[in-house]
Amino acid sequence: MTEETVAFDVENGIAWVRFNRPEKRNCMNPALNRRIMEVLDGLEYRDDVGVLVLSGEGSAWSAGMDLKEYFRETEAKGLGAVRKAQGEAYGWWRRLRWYRKPTIAMVNGWCFGGGYGPLFACDLAFAADEAQFALSEINWGILPGGGATKVVVDLLSMRDAMYHALTGELIDGRKAAAWKLVNESLPLEKLKARVTEVANILLKKNPVALKATKDAVRRVAEMTYDNAEDYLVRAQEAANSYDNDGRKEGIRQFIDEKSYKPGLGAYDK
Ligand code: ACO
C-alpha cells in the first residue's frame, strides 16, 4: 500500500489540507510533492472550496525537505533526478503562490528550511506559540536554497534574515510573529478556531476580488509606483470582465439599499 502523504477534508467552504507524514515530521519527499500537487489541482476549481488551509498532522507543520529521499536518494540517481525532484517541489509551491483561492498556513509545529517555500506561498500564516521555526540548512552544511533565503529576505528585516540564516537557531511562534514571518501566533489550542474565524471572513468576500487582490499584493511589491498604478487599473478592469455585477451590487447595497457600509464589512453576495 502506498503511504497517503497528504490528507484533506472540505468543510463549510474551507479545504483543510494536511501534510501527512507525522512519523517523519511531515518532511517533504518526492511522493508527497507529487501528491500535494494533485490535491491542489483537485481542490482549486471546486465550487464548495473558498479558502484553503495548509497544516500538518502530528507535532510538525513540516520538517523541511526529506534529507534521505529528497536529497540523498535523489542525488544518487544523478542530476536529471535532482532537477525533476526540485521541479516537483518548487512547482507546487508556485502553484500555491498563485492559487485561485486565498490560502492560510496554519503552523501547528516544527517548520524548517524547505517548509519556508509553502509557508511563503500561503497568503496568510498563523502559528502556534509552541511552533518552532528555523533555517536549519546551515546546521547540516548547505545554504538555505529552494527559495528559503528569498522568503526571509522578503519578509524579515535584513538583520533578522541574516541572523536567522547564519545561526540556524530556532524561533518560536511568538518571535515568528514579531519578525513578521507569520501574521499572528497564539496558543496551539486556539489556533484552529482563529484560522476558521479568518477563513470565514474571507468566505464572505467576492471571490474574483480576492484573487485579484492577492495577486496584486504579490505583484506590485516588485514594481515602481507608476507601474503598480498602471497594473492595478488593468487588473481591476480584467476582474470586471469576470464579475462586473459583483461590484455594481456592492455599490447598490451601500448607496441605494443602505443595507451595509463597505467601511465596516462585506456586501451580501
Ligand atoms: N528528513 C528526513 N527525515 C526526517 C526529517 C527530514 N527533514 N525530519 C525528521 N525526519 C525523520 C527522522 O529521521 C525520524 O525517522 P526514524 O523514525 O526513521 O528514525 C523521524 O522523522 C522522527 O524524527 P525525530 O528526529 O526522531 O523526531 P523529533 O520529534 O525528536 O525531532 C525534529 C523533530 C527537530 C524536527 C527533527 O526530526 C529534525 O531535526 N529534523 C530535521 C529538520 C531539518 O533540519 N530539516 C531540513 C531543513 S533544510 C531543507 O529543508 C532544505
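Let's start at a turn: in the hairpin of β1 and β2, with two residues between the strands, N12 takes a positive phi near 50°. Strands here, like helices, are DSSP runs numbered from the N terminus (strands are E, at least two residues; helices are H or I, at least four). This is a predicted model, in which local features need pLDDT of at least 70 and side-chain atom pairs count only at pLDDT 80 or more, while totals for chains, interfaces and linings use all residues. Residues are numbered from 1 along each chain as its sequence is written, and side-chain values use heavy atoms, with hydrogens and water left out.

How confident is the predictor? The mean pLDDT of the chain is 96, and 99% of its residues reach 70 or more; pLDDT is the predictor's confidence in each residue, from 0 to 100. For the complex, the predictor gives an ipTM of 0.99 and a pTM of 0.96.

**Strands and how they pair**

Strand β1 (residues 6-11) and strand β2 (residues 14-19) run antiparallel and are joined by six bridges. Two strands count as paired if DSSP finds at least two bridges between them. Along this pair, F8 stands opposite V17 in β2.

Next comes β7, which is mostly covered, with four of its five residues buried. Buried means under 20% relative accessible area, exposed means over 50%, and partly exposed is in between (1.4 Å probe, protein chains only). Strand β5 (residues 103-107) pairs with β7 in the parallel sense over four bridges, and M106 stands opposite F126 in β7. β7 also runs parallel to strand β10 (residues 184-186), joined by three bridges. There, F126 stands opposite E184 in β10.

There is also an open sheet of four strands, in the order β4-β6-β8-β9, with mixed pairing. β4 (60-62) and β9 (171-172) stand at the edges with a single partner strand each, so one side of each is left without a neighbour in the sheet. Strand β8 (residues 132-134) pairs with β9 in the antiparallel sense over two bridges, and F133 stands opposite I171 in β9.

**Two pockets**

Now for the open space. A pocket, on a 1 Å grid over the protein atoms alone, is an open set of points where a 1.4 Å probe fits, with protein on both sides within 12 Å along at least five of seven lines; lining residues have an atom within 4 Å of a point. Grid points are joined across faces, edges and corners, and a volume is the space filled by probe spheres set on the points.

| Pocket | Volume | Lining residues by class |
|---|---|---|
| Largest | about 940 Å³ | 17 nonpolar, five polar, 10 charged |

Which residues sit closest to the centre of the largest pocket? Of the 32 residues in its lining, they are R97, F120, C122, L155 and R218. At least two lining residues each come from α3 (79-97), α4 (116-121), β7 (124-128), α5 (148-155) and α9 (207-220). The largest share, six residues, comes from α9.

The second largest pocket is lined by 24 residues, and R100, P207, V208, K211 and A212 lie nearest its centre. α8 (188-203), α9 and α10 (225-255) each supply at least two residues of this lining. Again α9 gives the most, with six residues.

R25 is a residue other than glycine with a positive phi, near 55°. R25 is placed in the loop between β2 and α1 (30-44), and counts as partly exposed at 40% relative accessibility. K258 is not a glycine either, yet has a positive phi of about 55°. K258 is found in the segment after α10 and, at 67% relative accessibility, counts as exposed.

Key:
Nonpolar A, V, L, I, M, F, W, Y, C, P; charged D, E, K, R; others polar.
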